[in-house]
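Please read it with the structure open.

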Amino acid sequence: LPLTKEIDMLKRIFNRLIEARIESAKHKIARNQLYSMTDAELKDIGIGRYDIERVLRYGYKEANRYQA
């Protein structure tokens, strides 16, 4: 079984690709949901329309860390 290491490496790469695709899909769903909300709904959850990309990129806590 001389190819065991190579097969394991390919499995890890494949798993990482699948995980990245899942995260990408989740990100797209979240973006679509947030952009479909009204300004009042966004305000209810504590963000403005201008915050959406920052929240998606850094998460809510991190995105609001430096706000006054």
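1. Ground rules. This is a predicted model, so local features need pLDDT of at least 70 and side-chain atom pairs count only at pLDDT 80 or more, while totals for chains, interfaces and linings use all residues. Residues are numbered from 1 along each chain as its sequence is written, and side-chain values use heavy atoms, with hydrogens and water left out.

2. Fold. The protein has four helices and zero strands. The order from the N terminus is α-α-α-α. The radius of gyration is 19 Å, well over the 11 Å that the globule rule gives for 68 residues, so the protein is more spread out than a compact globule. That radius is taken over C-alpha atoms, and the rule is 2.2 Å times the number of residues to the power 0.38. Helices (H or I, at least four residues) and strands (E, at least two) are DSSP runs, numbered from the N terminus.

3. Extent and surface. Along the principal axes, the C-alpha atoms fill a box of roughly 60 × 25 × 15 Å. The accessible surface is about 6,100 Å², and 60% of it belongs to carbon and sulfur atoms. Areas come from the Shrake-Rupley method with a 1.4 Å probe; for residues, only the protein chains shown count as cover. Of the 68 residues, 15% count as buried. Buried means under 20% relative accessible area, exposed over 50%, and partly exposed in between (1.4 Å probe, protein chains only).

4. Core. Which residues make up the largest nonpolar core? There are seven: Leu-34, Leu-42, Ile-47, Ile-52, Val-55, Leu-56 and Ala-63. Helix α3 (residues 52–58) gives the largest share, three residues. A nonpolar core here is a set of buried Ala, Val, Leu, Ile, Met, Phe, Trp, Tyr and Cys residues joined through side-chain atoms within 4.5 Å. Ile-52 touches Leu-34, Tyr-35, Leu-42 and Ile-47, not counting residues up to four places away in sequence. Contact means heavy atoms within 4.5 Å.

5. Helix α1. Lys-28 sits in this helix, residues 4–36. Lys-28 is exposed, at 55% relative accessible area. Its C-alpha atom is 9.4 Å from that of Leu-56, 28 residues away along the chain. Leu-10 is also in helix α1. Leu-10 is exposed, at 54%. Met-9, Leu-10, Ile-13 and Leu-17 make a nonpolar surface patch of about 390 Å². Patches use residues with over 30% relative accessible area and no salt bridge; like charges are joined within 9 Å, nonpolar side chains (Val, Leu, Ile, Met, Phe, Trp, Tyr) within 5 Å.

6. Salt bridges. The structure holds four. The criterion is a side-chain nitrogen of Lys or Arg within 4 Å of a carboxyl oxygen of Asp or Glu. One of them joins Glu-23 and Lys-26, with closest N and O atoms 3.7 Å apart. These two are three residues apart in helix α1, about one helical turn.

7. Asp-39 pairs with Arg-49 in a salt bridge, the closest N and O atoms being 2.8 Å apart. Asp-39 lies in helix α2 (residues 39–44) and Arg-49 in the loop between α2 and α3, so the pair ties together parts that are ten residues apart in sequence. Asp-39 is exposed at 52%, and Arg-49 partly exposed at 31%.

8. Asp-51 forms a salt bridge with Arg-54, closest N and O atoms 2.4 Å apart. Asp-51 is buried, at 2% relative accessible area. Arg-54 is partly exposed, at 30%.
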